[in-house]
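Subject: A structure for you to look at

Hi,

Here is the structure I promised to pass on. Have a look at it first, and then read my notes below.

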Amino acid sequence: MPKYRFKSHLLCAALVAAGLLSAASVRAADDSAAAEPAAAATSLDGEVQVLKDEVLDLNRELFLLEEELLFPANTQVAVFVSMDVGDFFDLDSVQLRIDDKPVSNYLYTEREVAALLRGGVQRIYLGNLKTGEHELTAVFTGQGPHTRDYRRGATLKVEKGIGAKFVELRISDRESKQQPEFLVKEWE
Amino acid sequence: MRLRILAMLLAAHLLPAIAVASGTAVAGQPAPDFALKNTAGDNVRLSESRGEVVLLSFWAGWCGRCSDQLAELEKLQKTYAARGVRVIAVNIDRDSQPVRDAASRLNLLLLHDSDQSVARQYALTDLPMTVLLDPHGKVRYVHQKYRGSDAALYEEELGALLRE
């Protein structure tokens, strides 16, 4: 009887072990089956990410190439607008003329004026000019002191040589006269 | 060979830009940006509506179908404004009287394109012309003219754009 009991215990243990082993092997098989698509998805994600990075790099290169082709450095002229304080002038629009030909007419929204007053600089024009002398005129419209309509022009003669030319249109307050001041100056 | 590939890529890159610069409202392309004055005299720039679905309608005072459409657009604006839809009605008359008249009876954002520069940018051929933009500022649907049933179509398209 004890011998028989020992044998039955041994058999039970063997069965439980076999059951556990088979369950473990099934789980391992399940895990590996699940791991395979997960690994494939991770590698695909990686490849897509690399591809996206390459597209972004290519796009950046094309953008630079486009700019170089359309605006070569030896003919390029860029005009920027900046504003300082602005207590005496509420900017509405800027019209830019080069050699008496309008090249840009820009209306400013409230948000854009706020951005300029916070120190932002806007590129209002990017184009090409032949070497030689050119006249650049900027007409500023808006509201001046006591909310009166205000329209002022500022002119600059620029000598376009070899190399890019940068011009700034600056609006600032002249405290002594309680009036706005409009400057057109070249960046060195 | 490398140069030829680069040239082809550059052409592919430039062509959509040229289409936008020459100003056509092409579905899938970014909408040409503009700034115009509203009835209060403030400047409004289209690109400042990024993040919202925009329904842009070009109209004129002499166009009967346009006034029917504006009344429907006002209803759409009321229904969908809280969900992020902005209706912009661009008047192309040289005279500002039709815009002032519309402002007195409609609660819509009315802009005045007196020199028709924006109409040219969008290659306007018929009135009213309706352009629906997604929150990224891309043109998604373009409609010429207006029939009564079009309001339901706009609503369907606005719903689709809001669900994206």
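Let's start with chain A. Its secondary structure comes to two helices and eight strands; here helices (H or I, at least four residues) and strands (E, at least two) are DSSP runs, numbered from the N terminus. Read from the N terminus on, the order of elements in chain A is α-β-β-β-α-β-β-β-β-β.

Before you go further, a word on the source: this is a predicted model, where local features need pLDDT of at least 70, side-chain atom pairs count only at pLDDT 80 or more, and totals for chains, interfaces and linings use all residues. Residues are numbered from 1 along each chain as its sequence is written, while chains are lettered from A and ligands numbered from 1 in the order in which they are written.

Chain A has 188 residues, and 11% of them count as buried. A residue is buried if 20 or more other C-beta atoms lie within 10 Å of its own, exposed if 12 or fewer, and partly exposed in between, with C-beta atoms placed from the backbone. Among the contacts in chain A with a separation of 6 or more, 66% are between residues 24 or more positions apart; two residues are in contact if their C-beta atoms, placed from the backbone, lie within 7 Å.

Now over to chain B. Which residues of helix H3 (residues 97-105) of chain B are buried? They are Pro98(B), Val99(B) and Ala102(B). These residues cover an arc of only 100° around the axis, which puts them on the same side of H3(B); the arc is that of the directions from the helix axis to the C-beta atoms.

Although Ala123(B) is not a glycine, its phi is positive, about 50°. Ala123(B) is partly exposed, with 14 other C-beta atoms within 10 Å.

One last stop: Lys145(B), in the loop between strand S7 (139-144) and helix H5 (150-163) of chain B. Phi of Lys145(B) is near 60°, again a positive value in a residue other than glycine. Lys145(B) counts as partly exposed, with 15 C-beta neighbours inside 10 Å.

Cheers
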